[in-house]
Amino acid sequence: MTPPATHLQVTALLCANFYFGFFRIYFLPFSSCFIDFNGQTYSVPTLYIGIDARLSVMSSQSLSPSLGRRSSVPRTRVSRACVACRQKKQKCDGRTSSCNNCLRANRACISQDPATKRPHPRGYLESLEQHNSLLEQHNSLLEDRVTCLERKVRELQPDADIDLLETSPAEDGGDARDDARSARDMCSPGSPADAGSGEGINIDSPPDLSSLELLCLRAAGAEPHYFGASSAYSFTKMFSASLRAVRAQGPGMTMSGIADSTVQARAKATPAPLPGRAYTSMLTSAYFEQVHPQFPFLHQPTYLQWEEEVMTACESGYTPNPTKAFFVFALCAVGVLTGPLAGGSLSEGLYASAENLFEHVMQLNTLESIQAILCCAMYSIRSPVGVSLWMLSGLALRQCTELGLHRKMPWDKLDSDVLKTQIRRRVFWCCYNLDRAMSITLGRPQSITDGDIDVEFPLDIDDENITASGLLSEPRMSNTDASTTMSGAIHTLRLRRIWARMQCSIYPQVGAEVTITPDLLIDDFRRELGEWLEASPFQLSSNRKHNNSFGARIWFDVMYHHSILLLHRYRLMNSRSSVPSATYLECAQSAAQLCNGYRQLYVSNRLNDTWGGLHNLFLGGLTFLCCLWSSPEVRTQFRVDKVTTTCTGTSVVLAIMAERWAAAGPYRDAFDMLTEATLTMVAESGTTSTEPTFPVLSCSANGQFSGYLSHMAEVGIGASVEELLSSMLEF
């Protein structure tokens, strides 16, 4: 509104003129002032008399006569609050890394996927997008390098066939020369080349094989060896070739190593660089929360120092230590498999990066070499593809024997490094744990007998209380003491030793005469298993907090019932006519408890998919069905509704496994067909006096079931499963 002339005259006398860019402001002693903008005058309340100087850079079109109205600033609305703020009914500001409420409370800011209800850290999608961008940059850089190398090869050797060079085996010295460079490139894609990346690594030509054979009988070297060391050269080359063929193999515990078509069709993963420091720390924390309590072959404080060195080197553009970089890559790969991103490709990319550094670690022929094999085993346990655990556990135990980890060596008393002594014991007993589990499950010989072992168990003490100079606290000595991170693992080792004695005394060796196991021996083992269960340590609060089933009472209960089935299974399969009714009833009860325990663990998302879990669950279900067909006392004891509940729960868990892993489909379908026949038999047995007889099904008359068995054989059938199926089916 243009002021009247008289008003303009007063304005000219009483006002001071100020120019700010395009604006000329008149300060008046009235309730309003006037702004002259491009020849037009506008009335503005005195509330807005303070004009910011930044308005001078605005265009003339940005101002309008509505400048006098108060502008409303839209409030940001958080799309979804974090879990803690929702539970505490607090206002969440939705910050990406961590909201202010969680930051002040010093707690992890966790969000929940509305579709899957799975928890994940705030901003993990942005982290994945950033990581994917880094992978694309890394891939582009590698393509440029390959193009440059091909151009140089064509200039030097015009007649060379590039395709043949890509598939031909690399020279041995070249593999060692590239170890440090691989660690640098995978940590920091796009970093400049370091001329000294191969420093400290032996790149000489490989020695003659005849001299390597002589080294097999040499005396102990710098690292104490037991009966001399075998050739690290040949062992490394053989094992590295097995790891490079990982994509052509099936799940970790397969008998034949032949995968189903879905596994064989998987593309080979591209090595991935390490994610950011925060994401790497989160993945390794998941490893030590979910995996380390059961297989404590690493020392957590020592590893955290390695991780800090590797991350610092990557961020500074330097080459990290290849050995330490391997463990960081491997633990990150396993850590991914323990979380909600287990089905993605990130774990395979990180593991492929670890594979590129594996050969360097194996050439050391030290304790770290065995720890590297165990890292590969931890990946195979949880991954749908991986090297056979049977092969990994056997190779690890052979290396332990080579270094004398299974014996009380004289130099242990002279060594004052308490940390090294305890880690040596931990590594051996973790290898022993894997070997006993594999030999019992697959019905194969043990890699080392208990008579050849005299080394003690590791101390029952937390990692942070062990140092090179000594212990910072007293170890756990009795069941009344508080549990440590080692308590569950040591208690599991005691069960594995009972299994080993059961396998040697109950199951006959090759060529031995088949005899009936005395009842007194069975009673001794049953009593020993009961004492083992009663002495189970309490689960750590940290394991309960992170939803880890290991160390919980239900986990020890499942292992106890699995041991009871192992105790009686040979008699059920080979002397069915002489088995007392009490034995059938005990096996049926343990099998039902085993199936119900697995159902509880899977429904609560406390157990990951493994071939071992599939085998134990399927075997427990088969044993339950076999007892129903074999004993009228079992059919009387178990009502129809209880039989239906047990069979349905087992089928549900097998169906969950089949959704996540296609190779479990034949197990699910085969068990459903056997369950249908068994439920029909149980229903008819209540209306007729005729006793049911084997076989449950005839494979010759049922081609569909024969197809299920064929697919199961491709993935691998344990010895106990095969024998039970043979006794229940007609071929």
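**Close-ups of a predicted helical chain**

Among contacts (heavy atoms within 4.5 Å) in the protein chain between residues at least 6 apart in sequence, 70% join residues at least 24 apart. This is a predicted model, where local features need pLDDT of at least 70 and side-chain atom pairs count only at pLDDT 80 or more, while totals for chains, interfaces and linings use all residues. Residues are numbered from 1 along each chain as its sequence is written, and side-chain values use heavy atoms, with hydrogens and water left out.

**View 1. The whole chain, before zooming in.** The protein chain has 29 helices and eight strands; these are DSSP runs, H or I over at least four residues for helices and E over at least two for strands, numbered from the N terminus. Of its 731 residues, 49% are buried (under 20% relative accessible area, with exposed meaning over 50% and partly exposed in between; 1.4 Å probe, protein chains only).

**View 2. Helix α14 against helix α15.** Here α14 (346–364) and α15 (residues 367–382) pack at an angle of about 155 degrees, their axes 9 Å apart. Axes are lines fitted to C-alpha atoms, for helices over the stretch in contact, and angles run from 0 to 180 degrees between N-to-C directions. The angle makes α14 roughly antiparallel to α15 (over 145 degrees; under 35 would be roughly parallel, 65 to 115 roughly perpendicular and the rest oblique). α14 passes α15 in a left-handed crossing, in which the near helix is turned anticlockwise from the far one by less than a right angle. On the α14 side, look for Ser347, Glu348, Tyr351, Phe358, Val361, Met362 and Leu364; they meet Glu368, Ser369, Ala372, Ile373, Cys376 and Tyr379 of α15. By class, that's nine nonpolar, two polar and two charged residues (Ala, Val, Leu, Ile, Met, Phe, Trp, Tyr, Cys and Pro are nonpolar, Asp, Glu, Lys and Arg charged, and the others, Gly among them, polar).

View 3. Asparagine 365 is buried, with a relative accessible area of 11%.

**View 4. Helix α15 against helix α16.** The axes of α15 and α16 (residues 389–403) come within 10 Å and cross at roughly 165 degrees. That makes α15 roughly antiparallel to α16, and the crossing is left-handed. From α15 come Leu367, Ile370, Ile373, Cys376, Ala377, Ser380 and Ile381, meeting Leu389, Leu392, Leu395, Ala396, Gln399, Cys400 and Leu403 in α16. This contact has 12 nonpolar, two polar and no charged residues.

**View 5. Threonine 338 and what it touches.** Threonine 338 lies in the loop between α13 (322–337) and α14. It is buried, at a relative accessible area of 16%. Leaving aside residues up to four places away in sequence, threonine 338 touches Ala286, Gln290, Val291, Arg382 and Asn608.

View 6. Glutamine 305, in helix α12 (residues 300–316), counts as exposed at 51% relative accessibility. Lysine 324 is 19 residues from glutamine 305 in sequence and 9.4 Å from it in space, C-alpha to C-alpha. Lysine 89, in the loop between α2 (83–88) and α3 (100–105), is exposed too, at 75%. Lysine 89 has a positive phi of about 55 degrees although it is not a glycine.
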